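Hi there,

Here is the structure I promised to pass on to you. Please open it beside this email and follow along as you read.

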Amino acid sequence: MSDDAIEAQVAAEAIPEVAEHFDGEYPILIKGLKNSFGDQVVHEGLDLEVRRGEVLGVVGGSGTGKSVLMRSIIGLQVPDEGSIEVFGHEIVGANPEDGLGLRSRWGVLFQGGALFSTLTVGENVEVPLKQFYPELDAELMHEIARYKVVLSGLPADTASKYPSELSGGMRKRAGLARALALDPELLFLDEPTAGLDPIGAARFDELTRDLADTLGLTVFLITHDLDTLYAICDRVAVLADGKVIAIGTIPELLKSDHPWIQEYFNGPRGRAARSGAGLGKTVDSHGQTGD
Amino acid sequence: MREWAAYTLEEEDGRATLVVTGPLLISTIGALDRELRAFDAPVDTIDISQCGAVDTVGAWVVLRFAREKKAEIVGADGQAERLLKAVEQAHSNAAIEPPRSRLRLRVPEAVGKQVVQFGYGSREMLGFAGHIIVTALATLAHPSRLRVTSVFRQIELVGISALFIIGLMSFLVGIVIAQQGAAQLEQFGAEIYTINLTGRLSMRELGVLMTAIMVAGRSGSSFAAQLGTMKLTEEVDAMRTIGVSPIEALVLPRVIAAVVMMPLLGFYAAMLSIVGGASIAALTLHIPFGTFLARTQQVVPLYDVWVGLIKAPVFGLIIALSGCYQGMQVKGNSEEVGMRTTMAVVQAIFLVIVLDAFFAVFFDKVGWA
């Protein structure tokens, strides 16, 4: 077949609508968001800007609506009021069908991995590829699935395994491989290190940072893990009272006098994480002063 | 319209250079990838300096082509260089689909597994039944250990809540039997035997059998799903750790409820089935409602009622046993809960019908024909 014929055939197989590359400064821009379930108000007047290329950690006590915020941004939860712009497109009130192209520009890792249990890991990675880029050669899809699996830090032979055959940590990595399938610009991670052992969690943090740097990702990361915040986040947003009460680098947040922030970063776990990250006295320097 | 990635071929001093143009992104690579797969000439250098944006898929396609042709990649900027390195390190040849043996090996293997499973399953279920019997005897010795609240709760769920649907179903079944029976018996001028047919069939077979099927579908499945979910959430394990026997706390109340309620429901179903038959007879056969009922009393022997009442608790036991057994077998994931629930219902209905056939022969032999 001639190259022209191939091109015509590929163009015929491709879906017409594809989201454009985003060059703006804020991939996510939230203004005056309000979410409530019945009488219980989760968010009220929440504003948040996520900068391009940053790893933003989102923290807050249980029940402050971190996951609800993420679900609002990716369109799984319809907010009562407010505006959410993702890649410059308004999400709130938009026809869900219109957002299809937009969905190819972000990847989501759900808490439990949310892998399709009847498909192998490799086939899981191929699902978004088939959905958005049906014109790709089947062999290319297999190749993409293979290298994404390895890129996510899994052994190569995991591609042919079913999710039920994997450990919790491997399932998260497989979920990450699927989230990265389309080379998204924006990556949502919902408590990626929850339930992992400390070594596995540290490796996952490292992997996230590596991928963010290599692929130029913007990462929206929900976490409870203080070590993750210190290790990989450029900025941290603190959710409380239905709002983002503070946002900035950790040293900036430490200056805040909000009681929750003080307790969070200066509690025993916060201090331990800080010393581990080398921002305070490290164990080594302590030992040296003892000499 | 998308701007697809493309290439041009340049020759200089006998060295072929492939110049890639257009963005190398997942959304634009489709055509280039297929063209490069079909490309059939030596290439020494691949120039990607003119392609603008690159993502990992673009980097992968270029890298694969370079490897295949043993060509050199030039003109990569910092980002492209990083991506090329990342995908190069991530290269693998692993399979995507799980390994599968040949069909002619797979079929006998599956059949063999099923047979072995059936053997083990039967043995385990017998063991489970034994465990229940031992627990029941122990409870008889210490009646205070019986979970009375739980038993009544299950009686409500198995029996009271099912009254409407079982009643409606039996009423309709009664109508169908009477109407179909009358259509056949009419040919001999024997419409009056519709009453014998409806009355005896309802009492001996249909009342109990239809009830058993309904209870298996309603309660057998819910036993399996409930216990299965409790196994998954480790509630059953928590019980054992505290020293509470799950058989005593969970299984026994359900078994008692099913055994107690099945005769009541079966009799109730038979009654409504006769009422259904009488209604249709009054409407279409001109047999007055009262006459139908009075005649039923004469033609249905008392042992027909006993046949139904003796079978019912046995069916109840079977249903509760397979529901609880399958529920307690759940391990692993939520898919298993669905599978075990299906198995519980299928097994219960199958066993009920098999036993019913045995009962039919047995009662015939003892003279209750």
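Before we start, one definition: two residues are in contact if their C-beta atoms, placed from the backbone, lie within 7 Å. Please also keep in mind that this is a predicted model.

**Two helix pairs in chain B**

With that definition we can look at how helices α9(B) and α10(B) touch. From α9(B) come Ile274(B), Ala278(B), Ala281(B) and Ala282(B), and they meet Phe289(B), Phe292(B), Leu293(B) and Thr296(B) of α10(B). Sorted by class, this contact has seven nonpolar residues, one polar and no charged.

Two packed helices are described by the angle between their axes and the distance between the axes. Here α9 covers residues 246-285 of chain B and α10 covers residues 289-299 of chain B; their axes come within 8 Å and cross at roughly 135 degrees. The helices α9(B) and α10(B) are therefore oblique to each other. Their crossing is right-handed.

The crossing of α11(B) and α12(B) is right-handed. Residues of α11(B) in the contact include Val314(B), Phe315(B) and Ile318(B), while those of α12(B) include Leu351(B), Leu355(B) and Phe359(B). By class, the contact of α11(B) with α12(B) holds 13 nonpolar, five polar and three charged residues.

Chain B is divided into domain 1 (6-89) and domain 2 (134-365). How far apart do the C-alpha centres of these domains of chain B lie? They are 71 Å apart.

Chain B also touches chain A, in a contact that takes 34 residues from chain B and 36 residues from chain A. On the side of chain B, the elements giving two or more residues are α1 (30-38), α2 (56-69) and α3 (78-89). The largest share comes from α1(B), with seven residues. By class, this side of chain B has 16 nonpolar, eight polar and 10 charged residues.

**Two sheets in chain A**

Now over to chain A. One open sheet has four strands in the order β2-β1-β4-β5, with antiparallel pairing. The strands β2 (40-50) and β5 (89-90) of chain A each have a single partner strand, so one side of each is left without a neighbour in the sheet. Strand β4 (residues 81-86) pairs with β5(A) in the antiparallel sense over two bridges; there, Glu85(A) has Glu90(A) as its bridge partner. Helix α2 (residues 66-73) of chain A packs on this sheet and touches β1 (28-37), β2 and β4.

Another open sheet has six strands in the order β6-β7-β8-β3-β9-β10 of chain A, with mixed pairing. At its edges stand β6 (106-109) and β10 (243-248). From one strand to the next, the twist averages 15 degrees. Inside this sheet, β3 (residues 55-60) and β8 (residues 218-222) of chain A pair in the parallel sense over four bridges, and Val58(A) has Ile222(A) as its bridge partner. Helix α2(A) packs on this sheet too, touching β3, β7 (186-190), β8 and β9 (235-240) of chain A. The direction of α2(A) makes about 145 degrees with that of β8(A).

Enjoy exploring!

Best wishes

Notes. Residues are numbered from 1 along each chain as its sequence is written. Chains are lettered from A and ligands numbered from 1 in the order in which they are written. This is a predicted model: local features need pLDDT of at least 70, side-chain atom pairs count only at pLDDT 80 or more; totals for chains, interfaces and linings use all residues. A crossing is left-handed if the near helix is turned anticlockwise from the far one by less than a right angle, and right-handed if clockwise. Ala, Val, Leu, Ile, Met, Phe, Trp, Tyr, Cys and Pro count as nonpolar, Asp, Glu, Lys and Arg as charged, and the others, Gly among them, as polar. Domain bounds come from an automatic or database domain assignment. Two strands pair if DSSP finds at least two bridges between them. Axes are lines fitted to C-alpha atoms, for helices over the stretch in contact, and angles run from 0 to 180 degrees between N-to-C directions. Angles under 35 degrees count as roughly parallel, over 145 as roughly antiparallel, 65 to 115 as roughly perpendicular and the rest as oblique.
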